[in-house]
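My entries follow in the order in which I made them.

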Amino acid sequence: MVKVLWQRTVVRDGWHNAFTDLCMWRGVYWLTFRRGSAHVSPDGGIVIMRSVDLQRWQQVAFLKTLGDDRDPKLCPTNNRLYIYFGTWLPKPEGWPDERFGPLVTHVSFSEDGVQWSKPIPAYKQNYWLWRVRYHGGTFYSPAYGWDDPKEKHKSFLDLLISEDGIKWEKKCRIGEVNDQPDEADVWFQPSDDEVWCIARSTRKPDHSLFYFSKFPYEKWECVDLKVTIHCPVFCETDGKLYVAGRRRIEAPWKPQSSPAGNTGIFIVEKGRVEPFLALPSYGDAAYPGLISSEPGKLLISYYSQHAYLSGAVSSQSPHSADIYLAKIDVE
């Protein structure tokens, strides 16, 4: 029976702390998130923290470019820890989008977790390398992009590959514009090396999409999951595959002892997902990291405003959001 073993508030400082990710590298836990004054704000920057015991956290880096840096994702390898994040750049004169400037995905890396390289663009403008996975000596990213800055909802999803995590090239198209896919993650099945992908979609209804492909990953099939999962992230433990992300709080959910917030975890099978557990969260929330450091256990990072919206914690800003961490026994 699923059980939340503990939940901890990692960051509560009045800022809008959001868009988390989590990994384990060289025996240490690494947590990253965006800190800014609001959900979208030019002061957004990337915080990187580490811990040996999941209780005491030390900030080791703060990455900042000229734009609004956001949605960081970690990718560990033997020799380096990489971080990728999107940046909304300042709008150049005559730019057609009234709200956002050009989008660039930045990459930075560290060989010791202390000194980090200067962030540089990873790929073409108006492409978001949403998440990067390292598999079989190659980096893979389901990256979404758009051709017209005024119509970012008309997005497509491509599979990009890289040998060094820095220079990227397109391998194939995963989802076409009529799917309107964007935020996505990929998972390589250990049994037959088939790759699965879950992507958010901005279609109506905005059901997430399940793509799958056999090696060499050039032809993809698609299944409508009939459920909405924003910001998906995969994790396998004890022979089962899970995906976490933001769910629609008004959608049906399985009974559970704790309040079912909008940060949900689903069990994944080919072409379908099943509700598993929803963490207490509300308001501007979710965007989790998900790892398993021991069989049958999941660690999830996420952000939420529920402490402020409930009145349990007061804040002078309506944008305040906290970073949380929870350990879950899935057995």
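**Entry 1: the cavity**

On a 1 Å grid over the protein atoms alone, a cavity is a set of points where a 1.4 Å probe fits but cannot get out, while a pocket is an open set with protein on both sides within 12 Å along at least five of seven lines; lining residues have an atom within 4 Å of a point. Grid points are joined across faces, edges and corners, and a volume is the space filled by probe spheres set on the points. My search of the whole structure returned one cavity of 30 Å³ or more.

I noted that the model is predicted: local features need pLDDT of at least 70, side-chain atom pairs count only at pLDDT 80 or more, and totals for chains, interfaces and linings use all residues. Residues are numbered from 1 along each chain as its sequence is written, and side-chain values use heavy atoms, with hydrogens and water left out.

Which residues line the largest cavity? I listed F19, T20, D71, K73, W130, R131, C231, Y287 and P288. Strand 2, strand 6 and strand 23 each give two or more residues to this lining; helices (H or I, at least four residues) and strands (E, at least two) are DSSP runs, numbered from the N terminus. By class, the cavity lining divides into five nonpolar residues, one polar and three charged. Here Ala, Val, Leu, Ile, Met, Phe, Trp, Tyr, Cys and Pro count as nonpolar, Asp, Glu, Lys and Arg as charged, and the others, Gly among them, as polar.

I then turned to the open spaces. The largest pocket has a volume of about 530 Å³. Its lining holds 27 residues, and W88, Y144, D182, E183 and R200 are the closest to the centre. Strand 6 (68-76), strand 15 (181-188) and strand 16 (195-201) are the elements that give two or more residues to that lining. I recorded 12 charged, nine nonpolar and six polar residues in the lining of the largest pocket.

For the second largest pocket I found a volume of about 460 Å³. There are 23 lining residues, and P76, R133, Y134, W187 and F234 lie nearest the centre. Among the elements that give two or more residues to this lining are strand 2 (16-25), strand 11 (133-135), strand 19 (230-237) and strand 23 (286-291). The lining of the second largest pocket has 16 nonpolar, three polar and four charged residues.

**Entry 2: the sheet that holds strand 6**

Four strands form an open sheet in the order 6-7-8-9, with antiparallel pairing; two strands pair if DSSP finds at least two bridges between them. Strand 6 and strand 9 (120-121) are the edge strands, each pairing on one side only. Strand 6 is joined to strand 7 (residues 81-88) by seven bridges, and L74 has I83 in strand 7 as its bridge partner.

**Entry 3: strand 17**

How many residues of strand 17 (residues 209-213) are buried? Five of the five are, so strand 17 is largely enclosed by the rest of the structure. Buried means under 20% relative accessible area, exposed over 50%, and partly exposed in between (1.4 Å probe, protein chains only). L209, Y211 and S213 are buried on one side, and F210 and F212 on the other.

Strand 17 pairs with strand 16 in the antiparallel sense over five bridges, and with strand 18 (residues 221-224), also antiparallel, over four bridges. F212 is the bridge partner of W196 and stands opposite E221 in strand 18.

**Entry 4: two buried serines**

S304 lies in strand 24 (residues 297-304) and counts as buried because its relative accessibility is 0%. A polar contact of 2.6 Å joins the side chains of S304 and H306. I took a polar contact as a pair of N or O atoms within 3.5 Å; within protein, one must be able to donate a hydrogen and the other to accept it, and residues adjacent in sequence count only if both atoms are side-chain atoms.

S320 lies in the loop between helix 1 (306-309) and strand 25 (322-329). At 1% relative accessibility, S320 is buried, and a polar contact of 2.5 Å joins its side chain to that of S315.
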